[in-house]
Amino acid sequence: MFKKLFAAILTVGVLGFAGAGTAAAQEAPDVFIKRISQEVLETAKHDKDIQSGNQQRILEVVQSKILPNVDFQRMTALAAGRYWREATPEQQKRLTEEFRDLLVYTYAGAIAQIRDQQLEFKPMRNDPADTEVEVRSQVVQQRGEPIQLNYRLYKSGNTWKIYDLNVLGAWLVETYKGNFASEISKGGIDGLIKTLAERNKRLAAGGLVKNGKPS
Amino acid sequence: MKTAVHPALRPVLALGVAASLTGCASTTAQNPVDPFEKFNRSMFTFNDKVDQYALKPAATVYKKALPSFVQTGVYNFFGNLGDVWTAANNLLQGRVEDGVSDVMRFAVNSTFGIGGLIDVGSDAGLQKHRQDFGATLGVWGVGSGPYVVLPLLGPSTVRDSVALPLDWKGDLWRYVDPVNVRNTGIGLRVIDMRAGVLDASNLIEDAALDRYEFIRDAYLQRRASKISSNRERGAGSGYRPLPDEEDLDTKTDNGSSLNTAPAAPSVEPEGNKNLQPEKGTAAPAASGKQPASSPAPSENPAK
C-alpha cells in the first residue's frame, strides 16, 4: 500500500519535473525553424555524399532532421479537403504514407541542390500565446531574388509541428488540393493512393539520383 | 524566340483565341478560375514542347558552359534595366518608399555597378523588388480574371495579359537600336531566366501529379499573394489581412483568411479556393512573362 503510494508520488514528481523542464525549454516557433533549417543547410553544404546526390544519405538526413517535426497526417487531411472524411481509416493511413514519401523525395531533391544559400528570417507577427503560427523566412542565393519560404506550425505539447509550407507565395497544401481532387474524381481515394505510390516508386528508382547526379 | 511574333500582337492573339473559346468552354469548365482550361492545356503542351526541345537545352548548356560570374552579370544587367519599370510600378501602386529605393538601386548599380553588371545595390541594403503593370492593376483593384496560358510566355491571367504591352513599353532594352543587338539581348535574357529556374522546374516535375494544375494553382496563389502583400505595404499598416473591398469578379486575388488553415480539413467546395494572402518579399523569378514556368518533362540537367 505504502509502496504503491510512494511509487505514485514519485511518478507524479518525475513527470512534473519533466514537464517543467520542457516548458522552460520551449522554443519560440521561429527559433525552432531556424534551428532545424540551419542543421539541414549545414549538413547539406558540408556533406560530400549529399552534394554528389547520394539518395540514401539525403533520405537519412530528411528522416532524422525533418520527419519528426512535420505532421503529415494533418497535411494530408488538409490537402484532401472534404474527401478526407469520406476515406476509411486504412485509406487515410495509406494516403498519408504515400503523400509523406512524395514530399520526402521532393524535399530531398531540394536538399541536393543546396549550395551557397543563406537563410534570413523575418520578424514574427504572432502573440507568444498563439498555438498556430506562421514563420516567415527567405532563402537568399547568389543569383536571383530571394525565395520566400514560410511555414505554418502548431504547438504540440512542448514542441512545434510543421503542417504547411509556402514557397514563393504558394502554399503546398493549397497547391496539392487541386491535384488531389482531380485524382479522386478520376479514381476515388484508392486511385489517388495508387497514383502517389507509382510516382514514389519512380522517384525511388532514379528520379532523385538523376537529379543529383553530378554532370 | 520572343521575336517570333510581334510583341504587341501576342496578348491580342492569346485573348482572341481565349475569348472565342469562352462560349463552349463554360459548359465544360470544372474550375471557376480556369474556364479556358482546354485552350490553356493545349498552350501548356505547346510551351512544354518548345521548352523541351529549345529553351531547356539552351539554358542547360548556358548554365554549364558559362562561368557563374558571367551568368550573374547577365542576370544583373537585365535586372537593372528592369528596376526602372519596377520603380515606376511601385510608385504607381503608392509605395513611395519602395519606388525611391528602386530608383536608388538603378542609380547605384548603373554607376558603381558598371552599367548594372554588379548588384552593389543589394549589398548596400537596397533590396530588389520586381513589379509589373499587371500587379499594379491588381493593387488598383482590378480582378485577375480567368487563368490564361500564353503562347511562349506561360502562365498569366486575363488582367496580366492585358497589362503586358505596357510592360513591354516599360522595358528599356526594347529601345536598344541595332535590332540584332536587341534581339540577341532578348534571347540571352530568356535563356538566362530559364537557367535560373532549372532546378525548380525539375522539382516540380517530381512533385506534381498533374503539372498543369499544379503550376496553375501555385501561380494563381503566388500572384494573389504578391498583390495582397503589395497592398499591405502600400497601406503602411502593420497587418491588413483582407483587402476585401476590392472583391471584383475573381476569387484568385482575394484570399479569405490570413489565419492559419483550419485544424479540421476544409470542406469548402472545390472552386472556392482558400487562398491566403501573404506578406513578405516581392516574389522572384517566374513571372507570367517567362516560358520558364513551364518546364519540360525531360531529363534533368546536370547539377
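In this predicted model, the axes of helix H3 (residues 68-92) of chain B and helix H8 (residues 179-196) of chain B come within 10 Å and cross at roughly 115 degrees. H3(B) is therefore roughly perpendicular to H8(B). The predictor assigns the complex an ipTM of 0.79 and a pTM of 0.73.

**Helix crossing**
- The crossing in which H3(B) passes H8(B) is left-handed.
- H3(B) contributes Gln71(B), Val74(B), Tyr75(B) and Phe78(B) to the contact, where they meet Leu188(B), Arg189(B), Asp192(B), Ala195(B) and Gly196(B) of H8(B).
- Sorted by class, this contact of H3(B) with H8(B) comprises 5 nonpolar, 2 polar and 2 charged residues.

**Strand hairpin**
- Strand S1 (residues 147-150) of chain B runs antiparallel to strand S2 (residues 154-157) of chain B, and 4 bridges join them.
- Within this pairing, Val149(B) stands opposite Pro155(B) of S2(B).
- S1(B) and S2(B) form a hairpin with 3 residues between them, and Leu152(B) in the turn has a positive phi of about 65 degrees.

**Confidence**
- The average pLDDT of chain B is 76, and 67% of the residues score at least 70.
- Within chain B, confidence is highest in S1(B), at 96, and lowest in helix H1 (residues 9-28), at a mean of 46.
- Residues 1-5 of chain B have a pLDDT below 50, and this stretch has 10 contacts in the model beyond near neighbours in sequence.
- Over residues 11-29 of chain B, pLDDT stays under 50, and the model has 25 contacts beyond four places in sequence for this stretch.
- Where pLDDT is low, predicted coordinates should not be read in detail.

Definitions and conventions
Residues numbered from 1 in each chain as written. Chains lettered and ligands numbered in written order. Predicted model: local features only at pLDDT ≥ 70, side-chain atom pairs only at ≥ 80, totals over all residues. Pairing = 2+ DSSP bridges. Helix = DSSP H or I, 4+ residues; strand = E, 2+ residues; numbered from the N terminus. Axes fitted to C-alpha atoms, helices over the stretch in contact; angles between N-to-C directions. Parallel < 35°, antiparallel > 145°, perpendicular 65-115°, else oblique. Left-handed = near helix turned anticlockwise from the far one by under 90°. Contact = placed C-beta atoms within 7 Å. Nonpolar A, V, L, I, M, F, W, Y, C, P; charged D, E, K, R; others polar. pLDDT = per-residue confidence, 0-100.
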